[in-house]
Amino acid sequence: MTWWKAKSNQTVGVGACSDVGRVRAANEDAYGCFQEPPADEAAERLFVVADGMGGHERGEEASRLAVEVLRQTFFAARAWSVGERLRRAFEVANARVFEQAHEGPAFRTMGTTCTALALVNGHVHMAHVGDSRAYRVDRHGIEQLTRDHTLVDELRRKGVLTAEEARRHPRRHALTRALGIRATLEVDVLEATTVKPPQTFVLCSDGLAPVLDEEIREVVDALPPQQAAERLVAMANERGGPDNVTVLVVAVQ
Ligand code: MN
């Protein structure tokens with residue numbers, strides 16, 4: 001866990017944990033916690049969770065590549081608005097993963113979800129593709145900030161499935177959007193909001209699905225960021241650990 005001073009006397013605490021789970025052979029999730037410049041109190045921060053897909057280690061390759069390209073692109077283009085920088089970074093990462101899939105004699109399917117949160121100048125900015133999630137936890141409770149890009153969640157939003165039916169649906173992992181699958185990418189760039197401490201942001205892959213939103217809130221409220229991230233991963237594993245699970249906890253005080 002790292003603590004550091006942020007703009008306007010805000011302190012940011014970060015916890016991160018990623019685990020293969022109890023069923024899968026390899027961890028295809030990737031994550032990153034970056035700050036630029038490294039030792040500046042007014043630094044910009046970028047947090048990313050990516051959940052890769054594709055056989056024969058392609059998922060691992062896709063998620064790691066996406067996180068690295070996002071870091072490079074986001075911090076390189078400071079003249080634009082933060083939202084535009086995130087969108088552009090997602091588009092560049094999409095192109096890179098798409099190219100990688102087509103490199104060599106045989107096409108290899110590879111793609112990844114990607115959820116990114118940037119803290120810049122006391123504001124939180126987010127961009128998102130796929131079914132990894134971002135939550136905000138504060139005195140009002142827990143709120144999911146991202147929309148799952150899945151067939152099942154579309155049916156839930158249309159009222160065809162209840163939330164509980166959606167959570168247990170056998171096809172709940174079928175994505176409608178992912179990074180690296182097509183030459184172009186539709187990115188959700190969320191409207192920027194002012195950070196109002198104390199607030200905690202949680203980014204996670206869908207491996208955290210066995211843990212309910214209200215339980216995430218309880219853990220984040222009770223524990224410091226690193227312990228909270230580890231506890232949430234342990235809870236997913238205690239409930240079967242059906243998938244790779246990655247949790248980032250970003251607490252602004
Ligand atoms: Mn997953």
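A charge counts as sitting over a ring if NZ of Lys or CZ of Arg is within 6 Å of the ring centre and within 35 degrees of the ring normal. With that in hand, welcome to the close-ups. The model is predicted, so local features need pLDDT of at least 70 and side-chain atom pairs count only at pLDDT 80 or more, while totals for chains, interfaces and linings use all residues. Residues are numbered from 1 along each chain as its sequence is written, and side-chain values use heavy atoms, with hydrogens and water left out.

**View 1. Arginines lie over the rings of Phe 74 and Phe 34.** Look for the charged end of Arg 85, which is placed over the ring of Phe 74 at 4.2 Å from its centre. Arg 71 takes up a position over the face of Phe 34, 5.9 Å from the ring centre.

**View 2. Phe 74 and Phe 75 form an edge-to-face pair.** Rings of Phe, Tyr and Trp (its six-membered ring) pair if their centres lie within 6.5 Å; planes under 30 degrees apart count as stacked, over 60 as edge-to-face and the rest as tilted. One aromatic pair is found in the structure. Its ring centres, in Phe 74 and Phe 75, are 5.2 Å apart and the planes meet at 80°, so the pair is edge-to-face. Phe 74 and Phe 75 are both buried (under 20% relative accessible area, with exposed being over 50% and partly exposed in between, for a 1.4 Å probe and protein chains only).

**View 3. Cys 33 is in no disulfide.** A disulfide here is a pair of cysteine sulfur atoms within 2.5 Å, and the count comes to zero. For Cys 33, the nearest cysteine sulfur belongs to Cys 17, 12 Å away. Cys 33 is partly exposed, because its relative accessibility is 32%. The sulfur of Cys 204 has its closest cysteine sulfur in Cys 17, at 13 Å, so the two are too far apart for a bond. Cys 204 is buried, at 3% relative accessible area.

View 4. Pro 37 belongs to the loop between strands S3 (29–36) and S4 (44–53); strands (E, at least two residues) and helices (H or I, at least four) are DSSP runs, numbered from the N terminus. The loop holding Pro 198 runs between strand S10 (188–194) and strand S11 (199–204).

**View 5. Asn 121 has a positive phi.** This residue other than glycine has phi near 55°. Asn 121 lies in the loop between strand S6 (114–120) and strand S7 (123–129), and is exposed, with a relative accessible area of 51%.
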